[in-house]
Amino acid sequence: QLVESGGGAVETGGSLRLSCVASGFTFDDFAIGWFRQAPGKEREMVACRGSSDANTYFLDSVKGRFTFFSDNAKNSVYLEMNSLKPEDTAVYYCAADYPPSCWLDGMDYWGSGTLVNVSS
C-alpha cells in the first residue's frame, strides 16, 4: 500500500513537499516514483528512480525545481516542489514497481493521489 500526503493549495512560486509512505513491502527493492495527472490531460511521469542505486528521472519541465529523495528508515519517498507554477496543478500519485522499472502505465502499485493546486 502507498499513501501520499502533503498536497494543497499554493500560489505561484510557492513550495510543497509531498510524502509517500509504503507499507507491506520495502520500497528500496522497487522502482518508485511520482506521477501526475491534470484535468483533461494525460498522466505524466514526474520523477522516478529505477532502483535504490539508480539515477532519478525527472520530467523536463520540473528539472531544477523538484527534488526526489527517500528515507529508508521510514520507508518513505518525498517530492520537494519549489517555484511552483499553475501548470503544476494536478493530482500527484506515488507508484512502485517490481521488478524495478519506471514506466508510465505499468507500475504495479499506486497510491490514491494527493491534489496540488497552484494559483496564479
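Tyr92 touches Glu4, Leu18, Trp34, Phe35, Arg36, Val46, Phe66, Leu79, Met81, Gly113, Thr114 and Val116, leaving aside residues up to four places away in sequence. Contact here means heavy atoms within 4.5 Å. The structure is a predicted model, in which local features need pLDDT of at least 70 and side-chain atom pairs count only at pLDDT 80 or more, while totals for chains, interfaces and linings use all residues. Residues are numbered from 1 along each chain as its sequence is written, and side-chain values use heavy atoms, with hydrogens and water left out.

## Nonpolar cores

Tyr92 is also one of the residues that touch the most other members of the largest nonpolar core, together with Trp34, Phe66, Val77, Leu79 and Met81. This core has 29 residues. The elements that give two or more residues to this core are β3 (16–22), β4 (31–37), β5 (44–49), β7 (66–71), β8 (76–81), β9 (90–97) and β11 (114–119). A second, separate core has five residues, including Phe35, Cys48, Ala95 and Met107.

A nonpolar core is a set of buried Ala, Val, Leu, Ile, Met, Phe, Trp, Tyr and Cys residues joined through side-chain atoms within 4.5 Å. Buried means under 20% relative accessible area, exposed over 50%, and partly exposed in between (1.4 Å probe, protein chains only). Strands are DSSP runs (E, at least two residues), numbered from the N terminus.

## Strands and their pairing

Four strands form an open sheet in the order β1-β3-β8-β7, with antiparallel pairing. Its edge strands are β1 (2–5) and β7, each of which pairs on one side only. Neighbouring strands of this sheet are turned by 15 degrees against each other on average, direction ignored. For such angles, axes are lines fitted to C-alpha atoms, and the angles run from 0 to 180 degrees between N-to-C directions. Two strands pair if DSSP finds at least two bridges between them. Within the sheet, β3 and β8 pair in the antiparallel sense over six bridges, and Ser19 has Tyr78 in β8 as its bridge partner.

Strand β4 is largely enclosed by the rest of the structure, because six of its seven residues are buried. β4 pairs with β9 in the antiparallel sense over seven bridges, and Arg36 stands opposite Tyr92 in β9. β4 also runs antiparallel to β5, to which five bridges join it. Here Trp34 stands opposite Ala47 in β5. The hairpin of β4 and β5 has six residues between the strands, and in this hairpin Gly40 takes a positive phi near 75 degrees.

In a regular strand the side chains alternate between the two faces of the sheet.

## Salt bridges

A salt bridge is a side-chain nitrogen of Lys or Arg within 4 Å of a carboxyl oxygen of Asp or Glu. By this rule the count comes to six.

| Pair | N to O distance |
|---|---|
| Glu80 and Arg17 | 2.5 Å |
| Asp88 and Arg36 | 3.0 Å |
| Asp60 and Lys63 | 3.0 Å |

Glu80 counts as buried at 17% relative accessibility, whereas Arg17 is partly exposed at 45%.

The salt bridge of Asp88 and Arg36 links distant parts of the chain, with Asp88 in the loop between β8 and β9 and Arg36 in strand β4, 52 residues apart. Both Asp88 and Arg36 are buried. By contrast, Asp60 and Lys63 are both exposed. Salt bridges that share partners join Arg36, Glu44, Arg65 and Asp88 into one network.

## Loops

Several backbone details belong to the loops. Asn75, in the loop between β7 and β8, has a positive phi of about 50 degrees although it is not a glycine. Asn75 is buried, with a relative accessible area of 14%. Ser83 lies in the loop between β8 and β9 and also has a positive phi, near 50 degrees, as a residue other than glycine. With a relative accessible area of 40%, Ser83 is partly exposed.

A cis peptide bond joins Tyr98 and Pro99, with omega about -5 degrees. Pro99 is found in the loop between β9 and β10 (109–110).

Asp53 is in the loop between β5 and β6 (56–58) and counts as exposed at 68% relative accessibility. Asp53 and Leu84 are 31 residues apart in sequence and 28 Å apart in space, C-alpha to C-alpha.
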